[in-house]
Every structure is written in C-alpha cells, then in structure tokens.
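Subject: Structure handover

Hello,

Here is the structure you are taking over. My notes follow it.

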Amino acid sequence: MADAPPVFEIQHVSKRFDATQALEDVSLTLHPGEVHALIGENGAGKSTLIKIMTGVHPPDTGTLLIDGTPRRIGNSQEAQSLGVAAIYQEPMVFPDLNVAENIFISHRNRGLLVHWGQLYREAEAILAQLDVHLDVRMPARGLTLAAQQAVEIAKAISLHVRVLIMDEPTASLSAHEVDQLFRIIESLRRQGVAILFIGHRMEEVFQIADRITVLRDGRLISSRLRASAAELPRQREQVIREMVGREVGDFFAKSAVPRGPLLLAVRDFGKTGVFSGVHFEIHQGEVLGFAGLIGARRTDVGLALFGVEPADQGTVELAGNRVRIHSPEQAVRLGIAYVTEDRRGLGLTLPMSIATNITLPTLRRYLSTLGLVRRREEQQTAEEYRGRLMIRTPSVDLEVGKLSGGNQQKVMLSKWLNAQPRLLILDEPTRGIDVRAKAEVHHIVSDLAAQGLAILLISSDLPEVLAMSDRVLVMREGRQMGIFSRSEATQERVMTAAMGQHDPISQAVQR
Amino acid sequence: MQLRWKFVQRWEGLLALLLAVIVLYNAVSTPGYLTVNNWVNLFQLSIEKIIVALIMTFIIINAEIDLSVASVMGFSACMAGFLYAGGMPMEGALGVALLAGVAAGLFNSFWIGVVGLPSLVVTLSGLIGYRGLAYVLLEDRSIGSFPDWFNRLGQQPWLGPFPFAMLVFFVLLVFAIIILQYSGFGRYVFVIGNNQAVARYSGVRVQRTKMILFVVSSTLAALAGLLYAARLGAVRGDMANGFELDIITMVLLGGVSIFGGTGSLWGVLLSVLIILNLRNGMGLANFSGHVQTGVIGALLILSVLVPNLAATVRARWSQRRLRSRPAAEPGR
C-alpha cells in the first residue's frame with residue numbers, strides 16, 4: 001500500500017512562535033494504508049505539526065499538498081472537508097449525547113429533522129466496520145476512555161477521513177484497551193486510511209508503525225521503515241538515541257531501600273458503590289504500586305485517602321493513629337499529598353506563575369503576621385525546586401501553562417514535596433511526558449523513597465509500576481485482586497489479576 | 001515603542017488613555033471642571049456604588065457574582081429608618097441595620113458555601129427577597145427627618161473637602177488593594193477564580209473563602225445603604241433599586257473577567273473614573289441620561305472585545321514580521 005501515491009505531503013514547513021522555532025524545514029509524506037509514527041520528546045514540535053495539518057495554525061513557510069495539489073487549510077472545518085481529522089489523548093465527546101449523536105455531530109447537512117432510525121443504523125454500520133461493539137443509543141457519559149476514542153474514530157470515518165492523526169491515543173489506555181485500539185487501526189489501515197500516530201511508548205510504536213519518524217527540537221531527525229523483527233531491538237535503541245540526542249541508560253531506577261517503620265495501615269477500606277475491601281500497609285521508604293486497567297478505581301482510593309471523596313467503610317491508621325480523612329485540607333495537615341493525574345484540570349492553575357503554584361498548598365508558611373505573602377521567600381522556595389528537580393524555565397515567574405508537560409509535572413511534584421508529606425500519592429506521574437522527563441521523575445521518586453517517604457504509585461504503565469514498586473497492589477473494578485511482592489510481580493501475573501482471571505498465588509497473598 | 005504598545009495592549013492602559021481623553025475634553029469644554037469640588041461632587045453622586053464595587057471585584061475575580069447587593073443596601077437603609085421611626089435612637093438603629101446586612105450575608109453564604117448552590121441563583125433570590133423585606137418594613141412610606149448629625153454625615157464635607165463616605169471609600173480602597181494583590185487571602189481568591197478544583201485539590205478551603213466574601217459583600221452593601229440614606233436624608237423601599245447592574249458594570253469595564261481569575265482594583269478604579277467623567281461630560285453637553293447609559297453599555301462590550309482584538313492583531317503582526325524576515329535566518 002505504501003507504493004500508492006501520497007495522500008498528504010508536508011513540504012519544508014517552518015513555524016515560529018515568538019522566540020521559539022517550533023518547526024524548522026520539516027517534510028513528511030503520508031501514504032494511504034500506512035501507519036506513520038511520529039515520535040519525539042515533548043517540545044519536539046509534534047503538536048505544532050498536528051496543528052498545522054489540521055488548520056489551527058498556518059505554517060510560516062512551506063507547503064501542504066493533498067493528493068499532490070497544494071492546499072491552504074484555514075481551519076479545522078476545512079481540514080475535515082479535505083478528509084483530515086485528528087483525535088487526541090483526551091477524547092472530546094459530548095457526555096450527554098448518545099454514541100450515534102456523537103458520531104454524527106459534525107454533519108450539518110442532514111436536513112432539518114433527525115431521522116433517528118437511519119442515524120442509528122449508520123452509526124452501527126460504522127462501528128461494525130471497526131469491529132467495535134457499542135450500544136449506539138447509550139449516552140457517552142458512561143463510556144470508558146477507550147470507547148470514547150472509538151466513538152471519535154467512528155466520527156472521523158463518518159466524515160470520510162483519509163488522513164487520521166492520532167495524538168498519543170494510548171496515553172490513557174490500559175494494555176487491553178491498547179490492543180483493541182490497535183485492531184481498529186489495523187482495520188483503518190486495510191481501508192486505506194493514512195494514519196499519523198504520535199506515541200510515547202516505544203513498544204507500541206514499534207508494534208503498530210510501518211514508518212517511524214523522529215522529531216527533535218522542531219527538526220526532522222530521521223524517517224525510516226520499521227526494521228525486521230531481528231533488527232528491531234537495535235533500531236529501537238537507535239531511535240531512542242535520536243529522540244533524546246544522547247544515550248539513555250536505565251529508564252527506571254528504584255533503588256533498594258531498607259524498609260522503615262509502618263506508616264499507613266488501611267483496612268477494609270471502601271466507598272459505597274465505588275470500591276470496597278481495599279486492604280494494605282505501607283512502610284516508610286516503600287513504594288506500593290497500584291496496577292489495574294482504566295476503571296479499576298485506583299484513583300478513587302487515592303482520592304479517598306486525600307479526603308477529596310472520603311471513604312465510608314474501613315479504617316485508616318497513620319503512624320499508629322486512627323484517622324478519618326474528610327477533606328484535602330486535613331489530609332495535607334496529616335502529611336498526605338496527592339499528585340493528580342489531571343495536571344491541567346486539577347493539578348495546576350495554568351495562567352499563574354510557577355512560584356504561585358508551588359506554594360499554594362503551603363501558602364500559610366509564606367504569610368507575614370499581617371497575612372501578606374512574603375514574595376521573596378516564595379521565590380526562594382521556587383528557585384530551590386527549580387534547581388532540585390531541574391525544572392527547565394527561564395524564570396519561576398513564568399506562567400505554568402507555558403511549560404512543557406514534563407516540566408509542569410515537576411512543578412506539581414515540587415508543590416507537594418514542599419508540603420513535606422509523609423505519604424505521597426502519585427497518580428499517573430509520567431503520563432504524557434517525554435522520555436527524559438519520565439526518567440527524571442523516576443529518579444526523583446526513587447530518591448524520595450530513599451529519604452523515607454512512603455509512596456503510593458498509581459500507574460497504568462505496567463513496566464513502570466513493576467520497576468518502581470516494592471510491592472504491587474492490583475485492582476479491578478473497585479476490588480482488590482491481590483498484592484504481589486517485587487519478585488512475584490511479573491507482567492503476566494499482574495495483567496492476569498487486573499483482567500479478573502484467578503491466580504492461585506494472588507489469592508494466597510491477599511490476606 | 002515596544003513599551004508603549006505593551007501598555008496600551010493591557011486593558012488598564014487603554015482605560016487610562018480613554019480617561020485622559022475624556023478628562024481633557026471636559027477640561028477644555030467646561031470651565032471649572034478640573035476643580036477639587038467638581039471631582040468630589042462627581043464621586044459623591046455614586047460613592048455608595050463605588051464602595052460596593054470594591055468587594056464586587058473580589059467576588060467576580062473569585063468567579064462568583066452577588067446580585068443581591070442593591071437590595072441589601074435598600075433593606076439595611078429601610079431597617080434603620082423603620083427602627084428609628086419606631087422610636088429607637090439612630091445609633092442603635094444603624095447598628096441593627098448593619099447587623100441585618102451581616103445576617104443577609106450569612107444567609108447567602110450558607111446556601112453558596114455550605115449547600116453549594118450557584119451564587120447567581122442564590123443572590124438572585126436575595127435580590128428579590130431582601131427588596132421584598134425592605135417593602136415589608138416600610139410599605140410605600142418614606143421615612144425622613146433623621147437626626148442632624150446623620151444628615152450632615154452624608155451631605156457635608158467631613159475632612160477638608162471630603163464627605164464621610166469618600167473617606168470610608170479611601171480607607172476601604174487601601175485595604176482592598178492590599179488584601180487582593182498582596183495577601184494570602186487575595187491569592188486564594190485568584191486561584192479559586194482561576195480553577196476552583198485546583199484550589200480544592202491543594203487543600204485550600206474554597207467554601208470558607210467564598211463564604212467570607214459573601215458576608216463581607218452584604219456587610220459593605222449594608223454600610224453603603226446607610227451612607228446612601230444619610231446622603232438622601234430619607235429612606236424608601238425602592239432605594240438603590242437596580243444599582244447592582246451599575247456596580248457590576250464598573251467591575252467588568254475595569255477589565256475583571258466575568259469568568260474569574262483575572263482583574264485588578266486599579267482597572268476598576270479607572271473604569272469608575274471613566275464612567276463618572278463620561279456621564280458628567282455628556283451631561284454637561286446635554287446628552288440625556290439614557291444616551292449616557294447607552295454609551296457605557298457600548299464601552300462594556302468594547303471591554304470584552306478589545307483585549308481579544310488586540311491579541312489577534314498582535315498575532316497577525318508577529319506573523320507578518322516573520323514572513324518578511326529572510327527565510328535563511330537561523331532559528332532561536
């Protein structure tokens with residue numbers, strides 16, 4: 001299929017934002033039926049390229065060709081009518097509309113009245129074509145992220161998509177859901193859709209892509225066909241080197257730390273209708289991983305411990321004292337910190353400065369007797385963390401929203417480390433950040449454990465959980481499936497438990 | 001060049017420019033315009049609204065709204081009049097009226113902070129309810145003949161050329177600026193206005209902050225109502241009717257985002273000065289009050305439009321600059 005004439009060509013495109021050269025002389029060709037992976041660290045220019053392809057930004061220089069004809073794409077509607085569509089890691093469905101309505105949301109020429117029967121039949125046909133089983137009459141609200149993505153893909157198909165851009169579609173998916181998504185991609189490939197796949201997880205990229213292109217600092221570094229199976233490991237190393245521009249040794253580094261005293265004992269913890277029977281202990285210096293598929297309710301356990309959505313069953317003992325945690329404010333006072341998975345929605349106020357964000361939970365420490373903020377001390381703290389966590393920014397007065405994802409993540413970590421917690425709950429701490437920032441976060445976590453913090457690590461990145469955790473607790477649909485020690489925890493065993501299969505060993509360990 | 005544009009691109013800069021133009025025009029066309037007395041007069045005619053605009057700035061930055069302020073003004077003034085007419089000494093009546101304002105604030109903040117209802121709805125019922133209470137107290141009576149000291153408070157200069165209400169305003173302004181721009185509480189107000197969930201997930205006591213704001217809002221509104229009564233020398237059930245919209249206009253025109261999170265008291269101060277001088281100038285030029293209101297409405301739309309427009313224009317320019325640059329120039 002790759003021999004077919006290109007459907008979309010990007011020729012010598014450059015784009016500059018103020019002081020940043022986001023893209024420089026980038027050329028890329030998409031063929032029908034080809035999965036073209038685009039990889040690079042955050043800030044490499046991937047997002048800018050997508051925005052240029054979908055008409056959000058015009059290029060400064062360079063040309064876009066569709067079917068060999070130069071085109072101006074002025075906005076996303078124009079992109080859509082040319083058959084170019086994009087889906088993002090956070091699907092954009094309307095929760096109150098049903099699946100079929102979401103699929104046909106962009107169709108404006110369907111007449112004054114809705115022919116519901118026809119709408120549902122067409123929606124079902126599209127989903128069947130993708131081999132996705134969904135009730136088209138179901139509201140989108142209850143759908144899993146993966147199902148929402150399927151709806152978005154169906155939406156693109158309904159618009160006769162010829163070039164589908166997928167921006168980190170797997171970032172929020174569990175392994176099982178990734179497999180499903182890949183089956184959908186396969187069927188799109190067979191139908192001759194050109195796919196631009198932006199990914200962070202190497203295994204996935206090398207599994208799905210026909211061609212792999214590396215961007216770094218706005219420049220195209222390399223573009224190559226995927227190697228044969230035998231050559232694959234070497235190609236992978238090569239690609240990673242090209243991405244970061246330097247050798248990457250160990251991605252994961254949880255150093256062995258002697259177990260400290262017991263910090264937290266959670267017994268029969270539960271919240272009606274959400275999760276139940278969660279039962280574990282964490283010692284100081286220990287990392288307890290929380291593995292499971294999306295929807296396993298791991299985040300809800302974190303939120304209950306942090307007092308955002310308090311639990312109503314079971315007991316919590318913190319350093320030997322029975323506690324009832326009913327508000328985040330109280331949790332902070334008890335020395336519990338929760339680093340959310342939703343950086344932009346719940347973690348940081350993006351229009352405000354780095355320093356402001358870092359001192360937010362601990363602002364009281366920075367107030368004079370009159371209640372005024374001591375800016376200089378605030379700045380000092382921010383500078384300290386900027387150095388300690390290597391936050392790459394020209395100034396701590398910069399708006400957090402202007403930082404890359406990895407650096408935002410570090411600001412969020414700084415914010416909570418500054419609260420000097422005893423228990424640190426990390427919810428998907430490396431989601432959507434680049435390889436280098438990821439490795440840095442792993443080092444930070446390892447260091448924190450070595451300093452005696454107890455860490456609860458919720459992560460859907462299975463290799464990450466396994467490498468970073470001393471023990472792994474597996475959840476499925478609000479229930480604890482088992483706790484595995486480091487030596488017991490293999491990908492297969494954790495996955496089996498997460499998917500609800502019985503495993504004799506996990507049963508034995510559970511109590 | 002660069003600097004001057006930055007200044008104009010900020011809404012406050014535009015406001016200052018506009019104010020300068022209006023003041024200049026008025027000064028040239030009207031002799032005696034630039035006298036202290038004229039300006040004190042200008043201020044005095046809207047001073048109660050301006051006082052309430054201070055706390056409204058906090059509330060709107062916090063991404064909330066208080067529609068009940070004007071009704072609380074009327075309610076507290078009527079309460080004072082009612083008690084005074086019933087034989088209570090004026091001092092006592094004022095004290096109770098102020099407490100009635102506090103109570104109204106507690107009532108609002110209970111529904112907003114504890115129950116979690118939207119402030120728009122709660123204070124809309126407040127707007128209706130407190131006005132209703134004012135009418136219940138006085139029906140269609142008008143109560144006047146307050147003690148002399150009370151009338152003097154509202155009508156005569158107190159310190160130099162300044163009447164009492166203006167002094168109250170200056171003191172409150174200083175406090176408001178310090179609290180909003182420099183204190184921890186002000187920081188919370190901005191953060192909550194920006195993203196309430198982030199504040200909550202950071203252990204900030206969101207509901208408590210809101211409740212404080214709404215109690216202070218009603219208390220200041222009650223105070224403003226009493227000052228208004230002193231200036232008029234009489235109270236009636238319909239006094240201060242509709243003031244809430246003028247107050248909100250002052251705040252929004254000052255560049256405070258209706259969505260919360262951004263704004264400054266300097267901007268609000270500038271917008272107050274613009275509204276006052278514009279009305280004054282247009283009044284002197286024989287435009288009717290309705291035309292004046294229309295012009296202020298148009299300004300309000302501009303206040304939303306212009307910053308967006310400025311951003312678009314800026315983006316265009318930077319692009320054109322880029323295009324005109326030689327392509328070979330290295331990046332960064």
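Which residue with a positive phi follows H9(A)? That residue is A:Gly307, with phi near 85°.

Some ground rules come before the rest. This is a predicted model: local features need pLDDT of at least 70, side-chain atom pairs count only at pLDDT 80 or more, and totals for chains, interfaces and linings use all residues. Residues are numbered from 1 along each chain as its sequence is written, while chains are lettered from A and ligands numbered from 1 in the order in which they are written. Helices (H or I, at least four residues) and strands (E, at least two) are DSSP runs, numbered from the N terminus.

Chain A

Helix H9 covers residues 298-305 and is mostly covered. Seven of its eight residues are buried (20 or more other C-beta atoms within 10 Å of a residue's own, with C-beta atoms placed from the backbone). Among them are A:Arg298, A:Val301 and A:Leu305.

Strand S17 (residues 423-427) has five of five residues buried, so it is largely enclosed by the rest of the structure. A:Leu423, A:Ile425 and A:Asp427 lie on one side, A:Leu424 and A:Leu426 on the other. S17(A) pairs (at least two DSSP bridges between the strands) with strand S16 (residues 336-339), in the parallel sense over four bridges. There, A:Val339 is partnered with A:Leu426. S17(A) also pairs with strand S18 (residues 454-458), parallel over five bridges. A:Leu423 has A:Ala454 as its bridge partner in S18(A).

Between the chains

The contact (C-beta atoms, placed from the backbone, within 7 Å) takes 26 residues from chain A and 23 residues from chain B. On the chain A side, strand S2 (20-30), helix H10 (328-334) and helix H11 (343-347) each give two or more residues.

Chain B

Helices H4 (residues 69-85) and H11 (residues 206-232) pack at about 55°, with axes 7 Å apart. Axes are lines fitted to C-alpha atoms over the stretch in contact, and angles run from 0 to 180 degrees between N-to-C directions.

B:Asn62 sits in the loop between H3 (36-61) and H4 of chain B. B:Asn62 is buried, with 24 other C-beta atoms within 10 Å. Leaving aside neighbours within four places in sequence, its contacts include B:Val189, B:Lys210 and B:Gly260.

Best wishes

Conventions: Buried ≥ 20, exposed ≤ 12 C-beta atoms within 10 Å, placed from the backbone. Contact = placed C-beta atoms within 7 Å.
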